[in-house]
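Here is a walk through one protein model, from its overall layout down to single residues. Please keep the sequence and the 3D view at hand while reading.

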Amino acid sequence: MKIFIQLLVLFPLLIFLGCSSDDDSGGSSTTERGWVKFAASGDVNMEAEGVASASLVQTGASTNFSFIMSDGPNREQTFLLSIFAQPGSLSDYPAPGEYTIAPINQGDFWIIYADVAGGEPFVEYGLEFPTSGTLVITSSTDNWLEGTFEFEAEGDSGVTGSPQGIIMVTEGEFRAVKE
């Protein structure tokens with residue numbers, strides 16, 4: 001299951017890092033990537049900054065939405081944050097508004113936060129473990145989603161299969177390029 005989740009998280013990131021173009025009339029850009037910043041405490045203590053994208057992916061008859069956020073290219077990788085809409089719940093990018101973050105199948109959105117700074121096995125927070133928080137979309141244009149987020153999530157390195165720690169993410173802000 002952990003390998004499946006890692007592939008699920010990394011696939012949209014690879015798409016995001018390979019895209020180009022930049023105005024608000026179509027596409028994304030290598031000259032201005034989306035951005036994210038937040039503070040983390042608990043098991044992970046850091047002030048993070050990186051890149052952000054928003055993706056809609058058709059999988060058969062349903063559409064799945066996700067934000068993919070990381071340190072970005074050409075930087076040491078310390079985090080990978082994915083914020084997913086519940087499977088099949090959106091047919092388009094989310095509209096401005098306030099949304100709940102909870103474990104998978106329990107709220108509007110669910111997260112996977114991977115602390116990759118220490119190498120493997122890295123700890124993954126969220127998914128089916130206790131998670132609570134808020135995602136606020138403040139603006140949606142043809143090419144950008146902007147907003148804020150905060151959450152608290154328990155996590156596991158995949159060794160025990162039960163929660164092993166907790167992370168609190170606050171002051172999250174983003175401007176994600178729509179892919």
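A residue is called exposed when its relative accessible area is over 50%, buried when it is under 20%, and partly exposed in between. By that cut-off Asn74 is exposed, because its relative accessible area is 84%. Asn74 sits in the loop that runs between strand E3 (62-70) and strand E4 (79-85). Its backbone has a positive phi of about 60 degrees, although Asn74 is not a glycine. Note that the model is a predicted one.

Asn105 belongs to the loop between strand E5 (97-101) and strand E6. Its phi is near 65 degrees, again a positive value in a residue other than glycine. With a relative accessible area of 62%, Asn105 counts as exposed.

Now the overall layout. The protein contains one helix and 10 strands. Along the sequence the order is α-β-β-β-β-β-β-β-β-β-β. There are 179 residues in the protein, and 46% of them count as buried. The accessible surface amounts to about 8,400 Å², with 53% of it belonging to carbon and sulfur atoms. Of the contacts with a separation of 6 or more, 60% are between residues 24 or more positions apart.

Ala114 is placed in strand E6 (residues 109-115). Its relative accessibility is 5%, so Ala114 counts as buried. What does Ala114 touch, not counting residues up to four places away in sequence? The list is Thr78, Phe79, Leu80, Phe122, Val123 and Glu124. For Leu80, which is 34 residues from Ala114 along the chain, the C-alpha atoms of the pair are separated by 5.1 Å.

Lys178 is the second case, and this residue is found in strand E10. Although a lysine carries a charge that counts as positive, Lys178 is buried, with a relative accessible area of 11%. Leaving aside neighbours within four places in sequence, Lys178 is in contact with Ala54, Tyr93, Ser140, Thr141, Asp142, Asn143, Trp144 and Leu145.

Side chains of opposite charge can pair when their charged atoms come close. A search of the whole structure finds one salt bridge. The side chains of Glu146 and Arg175 form this bridge, at 3.1 Å from N to O. Glu146 lies in strand E9 (residues 144-156) and Arg175 in strand E10, so the pair ties together parts that are 29 residues apart in sequence. Glu146 is partly exposed, because its relative accessible area is 28%.

Which residues gather in a patch of negative charge on the surface? They are Glu47, Glu49, Glu171 and Glu173. Strand E2 (46-59) and strand E10 (165-178) are the elements that give two or more residues to this patch. Glu47 is in strand E2. Its relative accessibility is 66%, so Glu47 counts as exposed.

Conventions
Residues are numbered from 1 along each chain as its sequence is written. This is a predicted model: local features need pLDDT of at least 70, side-chain atom pairs count only at pLDDT 80 or more; totals for chains, interfaces and linings use all residues. Side-chain values use heavy atoms; hydrogens and water are left out. Patches are made of residues with over 30% relative accessible area and no salt bridge: like charges are joined within 9 Å, nonpolar side chains (Val, Leu, Ile, Met, Phe, Trp, Tyr) within 5 Å. Accessible areas come from the Shrake-Rupley method with a 1.4 Å probe; for residues, only the protein chains shown count as cover. A salt bridge is a side-chain nitrogen of Lys or Arg within 4 Å of a carboxyl oxygen of Asp or Glu. The place of a charge is taken as NZ of Lys, CZ of Arg, CG of Asp or CD of Glu. Helices (H or I, at least four residues) and strands (E, at least two) are DSSP runs, numbered from the N terminus. Buried means under 20% relative accessible area, exposed over 50%, partly exposed in between (1.4 Å probe, protein chains only). Contact means heavy atoms within 4.5 Å.
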